[in-house]
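Here is a short briefing on aromatic rings and their partners. Take a look at the model first, then follow the points below.

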Amino acid sequence: MKIQEKYILRCIQIAKNGLGTTFPNPMVGAVIVYNETIIGEGYTSPYGGPHAEVNAINSVHDKSLLTKATIYVTLEPCAHYGKTPPCADLIIKHKIPNVIIGLMDPHKKVAGAGIQKLKDAGCTVVSGVLEKECRIHHKRFLCFHEKKRPYVILKWAETNDGYIAPTNDQRNLKAEPFWITSNKARQLVHQWRSEEQGILIGTNTVIADNPKLDVRNWYGKPPIRIVLDPNLRINSTHAIFNKTVKTIIITSKANKNSAIKGVIYEEIDFKSNVAQQLCNVCYKHNILSLIVEGGTQTLTTFIAANLWDEARIFKGTSNFIKGIKAPLFTGKISSKNCYGKDTLTTYSND
């Protein structure tokens with residue numbers, strides 16, 4: 001392994017500490033090296049806080065070494081003022097002579113401007129080191145800025161005989177929840193929620209399960225709740241209206257009659273490409289990633305439109321015999337793991 005790749009890999013490793021907290025900023029990692037020794041490192045703070053380069057520079061005890069050091073970053077340093085000053089300016093201020101970059105930033109306010117600013121100041125800049133690995137790491141940020149939509153993750157659990165939920169008759173016979181997966185798998189789902197910016201479900205799921213869509217079995221920030229409710233069938237008694245998290249209701253023009261205070265309503269045309277319109281709403285609200293948790297109709301909407309990037313499907317050991325069938329689906333298997341008796345298969349949309 002080349003020395004530059006070694007340190008970019010370390011940047012990627014520490015950058016993951018920002019997963020779920022930096023939105024809409026990318027989770028960048030930065031490492032500062034002097035004489036083949038790491039003298040500072042940092043990752044992007046929660047949104048509004050310092051960027052990775054700032055944290056890395058601040059972590060260096062002997063600042064005089066910066067004038068002879070190399071800074072490695074997963075993504076091009078910013079060149080514009082946002083919540084914080086430009087990171088390129090800070091690198092120039094501390095006279096760091098060498099900058100190694102994994103990936104150019106596609107954000108319209110950066111897009112090469114950071115690299116040019118560093119070069120104009122006399123820095124030696126190398127970009128494209130482990131670019132493929134950095135693209136995978138920054139998949140949410142890149143999808144949002146390059147495709148103008150969130151990175152879409154489909155998620156569901158199905159029984160051994162292929163059902164995603166019981167029928168209404170089965171629910172009436174048994175009052176308690178029909179769990180398909182174990183506690184361990186359900187905890188993992190809550191971890192996933194803490195890592196993504198938005199979560200989407202349909203009306204039927206709200207009415208049948210009354211979910212909170214929170215992260216009570218994990219820690220971190222719960223995602224923005226988005227609910228497809230064309231006819232405004234759900235009401236203020238449902239858990240998603242507890243006002244603890246930003247909530248967006250997707251409805252139709254004809255039925256937007258009784259708005260609930262504190263809830264955002266977005267109107268779309270349910271007769272055309274619903275998945276694309278949902279992505280447009282997410283883009284409008286700066287939502288970089290979206291978990292689609294169901295039910296079958298909502299999931300199928302994204303599958304049919306081929307608007308998904310990743311699918312995470314649990315298969316349990318129980319059988320429903322009858323019920324609501326899981327979505328029909330094909331994709332490239334990227335991993336397969338067991339959580340107790342449950343099997344999780346992850347697919348990518350290549």
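The charged end of K325 sits over the ring of Y163, 4.5 Å from its centre; that label needs NZ of Lys or CZ of Arg within 6 Å of the ring centre and within 35 degrees of the ring normal. This is a predicted model, where local features need pLDDT of at least 70, side-chain atom pairs count only at pLDDT 80 or more, and totals for chains, interfaces and linings use all residues. Residues are numbered from 1 along each chain as its sequence is written, and side-chain values use heavy atoms, leaving out hydrogens and water.

**Around R312**
- R312 lies over the face of W192, 4.7 Å from the ring centre.
- Strand β13 (residues 310–315) contains R312; strands are DSSP runs of E, at least two residues, and helices are runs of H or I, at least four, numbered from the N terminus.
- R312 counts as buried because its relative accessibility is 7% (buried is under 20% relative accessible area, exposed over 50%, partly exposed in between; 1.4 Å probe, protein chains only).

**Aromatic pairs**
- The whole structure holds 8 aromatic pairs (ring centres of Phe, Tyr or the six-membered ring of Trp within 6.5 Å; planes under 30 degrees apart are stacked, over 60 edge-to-face, the rest tilted).
- Y7 and Y72 form a tilted pair, 5.1 Å centre to centre with 45 degrees between the planes.
- Y7 lies in helix α1 (residues 3–15) and Y72 in strand β3 (residues 70–73), so this pair ties together parts 65 residues apart in sequence.
- Ring pairs also link W156, W308, F329 and Y347 into a cluster.
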